[in-house]
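Me: Hey, could you walk me through this one while I have it open? I'd like to hop around a bit.

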Amino acid sequence: MKKLAILSAAVIVALSAPSAWAKVTEAEAAKLGTELTPLGGVKAGNADGSIPAWDGGITTAPAGYKKGMHHPDPFAGDKIEFTITNANKDKYKAHLTDGQIKLFELYPETYKMNVYQTRRTASVPQFVYDATKANATRAELVSQGNGVKGASIGVPFPIPENGLEVIWNHVLRFRGVDVKTSRSQAAPTAGGSYTLVETTEEIRFQYSRPEMTLDKLAASNTLFYFKQVVTQPARLAGTALLVKETMDQEALPRQAWTYNTGQRRVRKAPNVAFDTPGSVSDGLRTTDDFDMFNGSPVRYNWELMGKKEVYIPYNDYKLHSDQLKYDQIIHPGHINPEFVRWEKHRVWVVKAQLKEGMRHIYKTRTFYIDEDSWQVSLADMYDNRDELYRVAVAHAINYYEVPTHWSTLEVFHDLQSRRYIAMGLDNEGRMYDFDAKLSEANFTPAALRRAGIR
């Protein structure tokens, strides 16, 4: 029988997994939509009422919203319930991660967390819920956890047994079907100065398409296509990246190509994976940090530690607002905490330990994954000396026109250099287009070259 650990805030209990590759029974799958949410979270609230019951999440957009707008805050009237600072952090330590505590210590005068009422707003379309229930009894890890079969469209393992299943739920969570974005990123110096890097991105989620079948996925072995083109600054404009992500990474690893404006050539890029420095990241994140974690999990042993109640960024509509300028957000050391909304949520805790003989700049990684959406909300990364190295934070909202719960900004703190990179800034740009019509022809090396030419 599968185990679902609901733990006190102060305790994490390891889950045993004697049947690590077993499927969920029909009786267990029947809990989805009843005692569990359709994606596998616990429907009920917590013991003291600080986490409410899930009631379906956001299902309609606020009055006055039209597609193409930045998303008005449905909870603009909510007040700060309390603020955590370096001075009082011990009072709230049971609900904080090691990375959060370290940020308080590094920036004792400026870093704080404004905590609001918890609102469980995560939701996805009904066809994703239906697919998740179907996946529950048939999805399997393959290739020693380096791939998934028997799943399409929805979350593959809504009642997870082990850490690999949880991380695949994050990788395969629903984020729309065809998406176009215009986003920016900033990597400020310790003093706060920065050069904005602007990109356009296109993503075609093969796995999530409503018409997708198990046979089609097996034949294509494709999870998604991703294309990114740098548009600013001028010295980087035209630099481009193309990725074809696979479902079974053992059968066929990720395929990637880059376009270099100086050489005017498209080149195969097999090193766009694992701990290769992320594209135009100033060395402040790895390739597999993108989206908080992506790509093959093969270099780590993944341990499911259980569940914990943690303060995570949620409903960060204020941070997402087009009323803000980037200079208001980007501050020395960390983003402006006045615009960040923290809420207490239950998260799955997964520890990734580097396998013997494998190489990565992160020896250990601890991920905190929102139970309602499978979005990695926080991640603590440790170096080969077992010292806390980087702290990653995903600021998420419900894009209610889809709907989907996804980050609006990801921030990677490098504790050694006391710098950070903020990815996904869109306050001064165009909003995501979830109605884009993208074909596979948009994601070929020839298309990459055309996109990269200035």
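Me: Starting with Arg264, where is it found?
Reply: Arg264 is found in the loop between β9 (255–260) and β10 (265–268). Keep in mind as we go that this is a predicted model.

Me: Okay, and what is phi of Arg264?
Reply: Phi is near 50° there, which is a positive value in a residue other than glycine.

Me: How does Arg264 count for accessibility?
Reply: Arg264 has 46% relative accessibility, so it counts as partly exposed. The cut-off for exposed is over 50%.

Me: And Ile153, what about its phi?
Reply: Ile153 is not a glycine either, and its phi is positive, near 70°. You'll find Ile153 in the loop between β4 (147–149) and α4 (163–171).

Me: Buried or exposed, that Ile153?
Reply: Ile153 counts as buried, because its relative accessibility is 7% and buried means under 20%.

Me: Switching to prolines. Which peptide bond is cis at Pro233?
Reply: That's the bond from Gln232 to Pro233, with omega near 0°. Pro233 has its place in the loop between β7 (224–232) and β8 (240–245).

Me: What about Pro403, what joins it to Val402?
Reply: A cis peptide bond, with omega about -10°. Pro403 sits in the loop between β15 (388–399) and β16 (404–414).

Me: Let's zoom out. How many helices and strands are there?
Reply: The chain comes to 8 helices and 17 strands. Its radius of gyration is 21 Å, close to the 22 Å that the globule rule gives for 454 residues, so the chain is as compact as a globular protein of that length.

Me: What does the C-alpha trace span?
Reply: About 60 × 55 × 55 Å along the principal axes.

Me: How much of the chain is buried?
Reply: Buried residues make up 61% of the 454 residues. As for contacts with a separation of 6 or more, 67% are between residues 24 or more positions apart.

Me: And the surface, what does it come to?
Reply: The accessible surface is about 17,700 Å², and 51% of that belongs to carbon and sulfur atoms.

Me: How many charged side chains, positive and negative?
Reply: There are 56 positive and 53 negative side chains, and the centres of the two sets lie 4 Å apart.

Me: Now aromatics! How many pairs turn up?
Reply: A search of the whole structure finds 23 aromatic pairs. One of them is Tyr92 with Tyr311, an edge-to-face pair at 6.5 Å centre to centre with 70° between the planes.

Me: Which parts does that Tyr92 and Tyr311 pair tie together?
Reply: Tyr92 lies in the loop between β1 (82–84) and α2 (98–106), while Tyr311 lies in strand β11 (residues 300–313), so the pair ties together parts that are 219 residues apart in sequence. Tyr92 and Tyr311 are both buried.

Me: And why does the Trp302 and Phe367 pair count as stacked?
Reply: The ring centres of Trp302 and Phe367 are 5.8 Å apart and the planes are at 25°, so that pair is stacked. Planes under 30 degrees apart count as stacked.

Me: Where do Trp302 and Phe367 lie?
Reply: Trp302 lies in strand β11 and Phe367 in strand β13 (residues 364–370), so this pair ties together parts 65 residues apart in sequence. Both Trp302 and Phe367 are buried.

Me: Last one: which residues do ring pairs link into a cluster?
Reply: Phe205, Phe224, Tyr399, Trp406, Tyr432 and Phe434 are linked that way.

Notes:
Residues are numbered from 1 along each chain as its sequence is written. This is a predicted model: local features need pLDDT of at least 70, side-chain atom pairs count only at pLDDT 80 or more; totals for chains, interfaces and linings use all residues. Side-chain values use heavy atoms; hydrogens and water are left out. Helices (H or I, at least four residues) and strands (E, at least two) are DSSP runs, numbered from the N terminus. The radius of gyration is taken over C-alpha atoms; the globule rule is 2.2 Å times the number of residues to the power 0.38. Buried means under 20% relative accessible area, exposed over 50%, partly exposed in between (1.4 Å probe, protein chains only). Contact means heavy atoms within 4.5 Å. Accessible areas come from the Shrake-Rupley method with a 1.4 Å probe; for residues, only the protein chains shown count as cover. Lys and Arg count as positive and Asp and Glu as negative; His and the chain ends are not counted. The place of a charge is taken as NZ of Lys, CZ of Arg, CG of Asp or CD of Glu. Rings of Phe, Tyr and Trp (its six-membered ring) pair if their centres lie within 6.5 Å; planes under 30 degrees apart count as stacked, over 60 as edge-to-face and the rest as tilted.
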